[in-house]
Amino acid sequence: MSEPVLKIPEGWEERAPEGWEWQTLWDAVETGDHEYAHSRTEEAIAADIDPRVILDDGLFPGFNIQADRFTEQIIFIPEMLITARAMKAGLALIRPLLAAMAEKPVGTFVMGTVLGDMHDIGQSIVTIMLENAGFNVINLGTDVHPDKFIEVAEAEKADLVGFSALLSTTVYYQQVTIEEFQKAGHRDKVHILVGGAPTTQDWADQCGADGWGVDAVQAVRLALDLVKEPREAWA
Ligand code: B12
């Protein structure tokens, strides 16, 4: 087992104003100092740094080193949770900025993490990127029951729904949720995307999804393609 190291984003200096430093934000996310993560993200916004640069160069490095330590079982749930809270303190500030950069509403997307699964960093990033691409995203959070996905998709006349799952034990609920859409007579009214680290294109085909995204960029590309394809109308 090797001790994970901080991966400093290559070329970050060119993407930041002169004299800027990210080290304190990397440290804050790593150690879970959410108050500093919030205030440093505010300073980065005030310094006019592109929100995507704040995400990639400012917030991710400290998160990633802890994620590697969690995977290596060097740290455990409490430490990982406080890092996730610090990451989310920054995400909450850049989310409205990226959404405001979108030009026009493209469609409605209902997003959530499936039943039994508490992981929400990845789906929050997909949400932010979808909003930035112009989607109206209703994010249902984590541990979402299939009935809740159906209820909200129906109420919002969703064009697309997305199911995130990070555990090999919860990916199964992506398939269950798709089956529940089928049983409710709504399967052909929405495009369904699945994602999350243990998922693959093969899994997406097997569980009956319309698409799979390895990351937020691919998720957005896919959503933009699918939203153009006709579906059965909501009543
Ligand atoms: C952070 C984390 C936690 C945090 C979650 C905090 C939070 N608010 O999210 C806490 C500490 C709570 C946690 C708990 C647990 N975790 Co955990 N966790 C992680 C960790 C370190 C990072 C996950 C993450 O956020 N990645 C970063 C994001 C950006 O990546 P992502 O989620 O993959 O998302 C991207 C893509 O997948 C895609 N995507 C994601 N969703 C969607 C959806 C759609 C529709 C699309 C198209 C694309 C898409 O786009 C995203 C952005 O690019 C991973 C290990 C790792 N390095 O990945 C383990 C990991 C997922 N956890 C694991 C485990 C085992 C657990 C626990 C069971 C531990 C325990 N013993 O209790 C619990 C489960 C709790 C529960 N019921 O959910 C295992 C899962 C193993 C497995 N295959 O099942 C992992 C892989 C660690 C490991 N190797 O042991 N965890």
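This is a predicted model: local features need pLDDT of at least 70, side-chain atom pairs count only at pLDDT 80 or more; totals for chains, interfaces and linings use all residues.
1. Domains. The protein splits into domain 1 (12-100) and domain 2 (108-226). Their C-alpha centres lie 25 Å apart. Domain 1 gives seven residues to the contact between them, and domain 2 gives five residues. On the domain 1 side, five of the touching residues are nonpolar, two are charged and none is polar.

2. Ligand shell. The ligand is surrounded by 34 residues. G122, G162, S164, G195 and G213 are the closest. Both domains take part: domain 1 and domain 2 each supply at least three residues of the shell.

3. Elements around the ligand. Several helices and strands each bring at least two residues to the shell. The helices are α3 (51-71), α4 (77-100), α5 (121-132) and α9 (216-226). The strands are β3 (160-164) and β4 (191-195). The largest share, five residues, belongs to α5.

4. Nonpolar residues number 19 around the ligand. Another twelve are polar, and three are charged.

5. A helix pair. Helix α4, which supplies shell residues, also packs with α1 (residues 23-31). How are such pairs described? Two packed helices are characterised by the angle between their axes and by the distance between the axes. For α1 and α4 the angle is about 135°, and the axes are 6 Å apart. The two helices are therefore oblique to each other.

6. The contact of that pair. From α1 come A28, V29 and E30; from α4 come T83, A86 and M87. By class, four of these residues are nonpolar, one is polar and one is charged.

Technical notes: Residues are numbered from 1 along each chain as its sequence is written. A residue is near a molecule or strand if its C-beta atom, placed from the backbone, lies within 6 Å of it. Helices (H or I, at least four residues) and strands (E, at least two) are DSSP runs, numbered from the N terminus. Ala, Val, Leu, Ile, Met, Phe, Trp, Tyr, Cys and Pro count as nonpolar, Asp, Glu, Lys and Arg as charged, and the others, Gly among them, as polar. Domain bounds come from an automatic or database domain assignment. Axes are lines fitted to C-alpha atoms, for helices over the stretch in contact, and angles run from 0 to 180 degrees between N-to-C directions. Angles under 35 degrees count as roughly parallel, over 145 as roughly antiparallel, 65 to 115 as roughly perpendicular and the rest as oblique. Two residues are in contact if their C-beta atoms, placed from the backbone, lie within 7 Å.
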